[in-house]
Amino acid sequence: MDFNFSEELTMLRNTVRSFVDNEIMPHIAEWDREGKFDPSIMKRLADLGLMGVCIPEEYGGSGMDYNALAIVCEELERGDTAFRTSVSVHTGLNSMSILQWGTEEQKQKYLTPQAKGEKVGAFGLTEPGAGSDVVALRTTAKKDGDHYILNGQKSWISLCDSADHFLVFAYTDKDKKHHGISAFIVERTFEGFSSKATKGKLGIRSGNTGELFFDNVKVPKENLLGKEGEGFKIAMASLDNGRFTVAAGAVGQIRACLEASVKYCHERETFGKPIGQHQLVKQMLANMEAGLQMSSMLVYRAGELKNEGKRNTRETSLAKWQACDFANKAADDAVQVHGAYGYSDEYPVERYLRNSKAPVIYEGTREVHTLMQADYVLGYRQDKELNKMLPAWEGK
């Protein structure tokens, strides 16, 4: 086992951290307060080669390993969850799914411009009545000649108003339940497609989140991803990648909470001494550090399995569950360390606390992942290789 990052990955971390410090940190309090999403950030990330960091060079990416994606997500969430989310859905949920399941024609048409950052991808699975219960989705796709006619609605979709391409899941045969779900690549420009942003969110306010609507949208049959009926399998494989990026982002949020708390501990005094000298404050900082180190290990272990081309559903689930819980607790403790000031947006920790709640819910609630891990331990659940695995990193 090698716990050292390569020089290339270290340089990548420094590049993203510098970007966050210079391009996000000076503006994020205002963006969050105003609920403003700045799409130009995506262009600047593309200029740095970060929109397809783990996509092979032959498809326009940077050709780095999957832990490079984890580093990007970790450092972006240190700035704000909204920007990690953008990369999560674009790269983790969309581009990596096309890399895994797409035809060569689909990779050339959709993956390559996305990896270059010329186009932005998003993911459409959740519906008003279908979250953890994916089989409850109501969106349908009916075959009509050379097209599928798509009707339905998606909710809580990141990049709803700014993405160019959407990976959308719909029933092609309702009677077959999860075996009747299929996946489609849908372009924003298709007639009958519309979107609407959601306002009034608790957190991730500087992110673009909302609904998608499909009113007799004609999707060419060439835009079917995988085969008819493989949609559920594709969605679960996509979530393995998405959960990996969410877990990595949670590591960045824990780090942000720890950095802010340590800084405040050196500035604030109570009872004649710096608050960092009080034992229960030390306990909170120690718990943040422990959560940071344990979460990092879980994330990069899952990333290494991806590099080797191995199934990693179990490891990614554990990383997502634990890292997001640690981040939520770290943010709560960071507010406590700051006392009354932690309740004000004069300091960033109240934003960290608001942002930390969504990742505990999306891409599998903590309850879903708890049950998954118990089923693995009890032997009720076992993962087999898929007929199309995520490609191993070419440098492995």
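The largest cavity is lined by Gln-100, Ala-237, Asp-240, Asn-241, Lys-306, Gly-309, Lys-310, Arg-311, Asn-312, Leu-386, Met-389 and Leu-390. A cavity here is a set of points, on a 1 Å grid over the protein atoms alone, where a 1.4 Å probe fits but cannot get out, and lining residues have an atom within 4 Å of a point. The model is a predicted one, in which local features need pLDDT of at least 70, side-chain atom pairs count only at pLDDT 80 or more, and totals for chains, interfaces and linings use all residues. Residues are numbered from 1 along each chain as its sequence is written, and side-chain values use heavy atoms, without hydrogens and water.

The count of cavities of 30 Å³ or more is 1. The largest cavity holds about 120 Å³ of space, a volume being the space filled by probe spheres set on the points. Helix 7 (residues 231-267) contributes most to its lining, with 3 residues. The lining comprises 4 nonpolar, 4 polar and 4 charged residues.

Elsewhere, the axes of helix 4 (residues 66-79) and helix 5 (residues 81-101) come within 7 Å and cross at roughly 160°. Helix 4 is therefore roughly antiparallel to helix 5, a term for angles over 145 degrees. The crossing of helix 4 past helix 5 is left-handed. In this contact (heavy atoms within 4.5 Å), helix 4 uses Tyr-66, Leu-69, Val-72, Cys-73, Leu-76 and Glu-77, and the residues of helix 5 include Phe-83, Arg-84, Val-87 and Leu-99. By class, the contact has 9 nonpolar, 3 polar and 2 charged residues.

Conventions
Axes are lines fitted to C-alpha atoms, for helices over the stretch in contact, and angles run from 0 to 180 degrees between N-to-C directions. Helices (H or I, at least four residues) and strands (E, at least two) are DSSP runs, numbered from the N terminus. Angles under 35 degrees count as roughly parallel, over 145 as roughly antiparallel, 65 to 115 as roughly perpendicular and the rest as oblique. A crossing is left-handed if the near helix is turned anticlockwise from the far one by less than a right angle, and right-handed if clockwise. Ala, Val, Leu, Ile, Met, Phe, Trp, Tyr, Cys and Pro count as nonpolar, Asp, Glu, Lys and Arg as charged, and the others, Gly among them, as polar. On a 1 Å grid over the protein atoms alone, a cavity is a set of points where a 1.4 Å probe fits but cannot get out, and a pocket is an open set with protein on both sides within 12 Å along at least five of seven lines; lining residues have an atom within 4 Å of a point.
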